[in-house]
Amino acid sequence: MLNGKNILIGITGGIAAYKICELIRKFKKNGANVRVVATPNALNFVTKLTLQNLSQNEVYVEEFNVKDWRPEHISFADEADIMLIAPATANTISKIATGVADNLLTSIACAFNKKMIIAPAMNCNMWNNPVVQENISKLRSLGVEFLEPESGFLACGYIGKGRLCSIDKIYSSVVEALNYSKKLEGKKVVVTSGGTIEDIDPVRYISNYSSGKMGFAIANAAKNMGAEVVLITTKNFEAPYKIVKVKSAIDMQNAIDKEFETSDYIIMAAAVADYRVKNYSQQKMKKTNDDNLVLELVKNPDILKGLCDKKTHQIIVGFCAESENLLNNAKEKIAKKGCDYLVANDISRADIGFSSDDNEVSILDKSGKIVKLDKAPKKVIARQILEYINE
Ligand code: PMT
């Protein structure tokens with residue numbers, strides 16, 4: 001699976017460094033060329049000899065160990081297809097976020113302009129430190145993918161969030177990142193995500209359980225496939241592309257309309273409210289003596305249908321959230337809305353759909369063809385959807 005791929009692994013000084021030995025073996029077994037760069041502190045936890053034997057490559061720690069005319073921090077950055085830093089300490093993350101290049105690993109990171117994945121591991125108080133979180137947010141907004149640490153028993157004796165995520169998760173994330181084609185280069189992809197919020201009064205609103213994760217995963221996958229991306233969302237995300245924050249269905253429609261003409265793909269993963277309250281109350285509504293309260297609702301515009309009705313060259317993909325008769329309802333919906341593809345998911349299941357990290361979907365097209373994608377992390381499903389609609 002990884003034949004011919006060049007993976008650069010940066011190891012920093014944390015107890016989880018020993019776990020990376022297993023990961024290097026797995027990369028090697030699957031055909032990758034692995035280059036390891038360790039910080040001096042990493043070698044307090046794992047030996048250079050071990051890393052060298054497993055990677056079958058010389059392990060570098062110091063700068064200025066120059067054997068040919070090109071300095072290592074540039075040549076290693078150039079030769080790698082991907083850079084993985086695991087475990088990454090708060091110290092190294094913060095240095096990379098601020099452009100500090102004071103050892104070989106941070107110098108390479110500073111010169112690296114391809115896909116970077118960071119798997120942090122540290123004490124939970126360090127993880128929760130606002131300065132560390134701010135640096136992580138900054139790197140995320142620049143396109144670095146973070147594999148969040150897990151909660152549990154930490155080597156320092158604390159129980160909390162800070163344990164390196166599983167080796168399997170790191171492995172599959174690297175494989176996933178190396179799998180992207182560049183099919184969307186030169187294309188503009190507009191994605192919607194999150195549940196719209198329809199205000200009742202200054203205090204209350206109508207919404208739904210959408211976390212925005214599915215749409216965010218699609219936007220990230222489109223970016224990885226080379227597209228210019230616009231994410232229109234009701235949630236807060238950091239990413240290296242344009243994000244337009246919206247609230248209601250009407251806001252979302254206005255934001256899409258601004259991007260519509262110049263876009264090549266519109267992917268509507270947002271859960272848009274079908275109705276909004278007819279009369280928004282400027283003041284907080286008071287409790288009355290009546291046992292019942294009737295809110296009058298009016299229909300929101302069907303954004304997806306409106307786009308399909310006026311489309312010229314755009315490929316339009318809708319989503320379909322159903323709690324019963326998934327495929328029958330989806331078939332009716334694609335006919336009614338007129339979109340090119342409809343991605344149907346069962347939102348009655350707790351392990352997929354709303355809020356979960358995984359999804360399982362069926363993709364319908366206009367001709368009636370249905371393709372099922374097995375349960376997988378949303379980022380995998382996102383890539384598969386984009387690959388499929390570009391076959
Ligand atoms: O955000 P997550 O927690 O990751 O969850 C993902 C998800 C379950 C929200 C997502 O996978 C999903 O199914 N999104 C569509 C939800 C939805 O509103 O489905 P629907 O069947 O009601 O609507 C069909 C399509 O019409 C959708 O593309 C929707 O965006 C669109 N629509 C709906 C109503 C409306 N007034 N205007 C619309 O454009």
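Student: Over how many bridges do strand β1 and strand β3 pair?

Tutor: This is a predicted model, in which local features need pLDDT of at least 70 and side-chain atom pairs count only at pLDDT 80 or more, while totals for chains, interfaces and linings use all residues. Residues are numbered from 1 along each chain as its sequence is written, and side-chain values use heavy atoms, with hydrogens and water left out. Strands are DSSP runs of E with at least two residues, helices are runs of H or I with at least four, and both are numbered from the N terminus; two strands pair if DSSP finds at least two bridges between them. Strand β1 (residues 6-11) and strand β3 (residues 82-88) pair in the parallel sense, and the count of bridges is 4.

Student: What is omega of the cis peptide bond between Ala 86 and Pro 87?

Tutor: Pro 87 has its place in strand β3. The cis peptide bond joins Ala 86 to this proline, with omega at about -10°.

Student: How much of the ligand does the protein bury?

Tutor: A polar contact is a pair of N or O atoms within 3.5 Å. An oxygen atom of the ligand is 2.6 Å from an N or O atom in the side chain of Ser 211, and a backbone N or O atom of Phe 319 lies 2.9 Å from an oxygen atom of the ligand. Taken alone, the ligand exposes 770 Å² (accessible area by the Shrake-Rupley method with a 1.4 Å probe), and the share of this that the protein buries is 96%.

Student: Which element gives the most residues to the shell around the ligand?

Tutor: The elements that give two or more residues to this shell are α9 (213-224), α11 (303-310), β16 (315-322) and α12 (326-337). With 4 residues, the element that gives the most is β16.

Student: What value does phi of Asn 325 take?

Tutor: Asn 325 has its place in the loop between β16 and α12. Its phi is positive, in a residue other than glycine, and is near 40°.

Methods. Polar contact = N/O pair within 3.5 Å; in protein donor to acceptor, adjacent residues only side chain to side chain.
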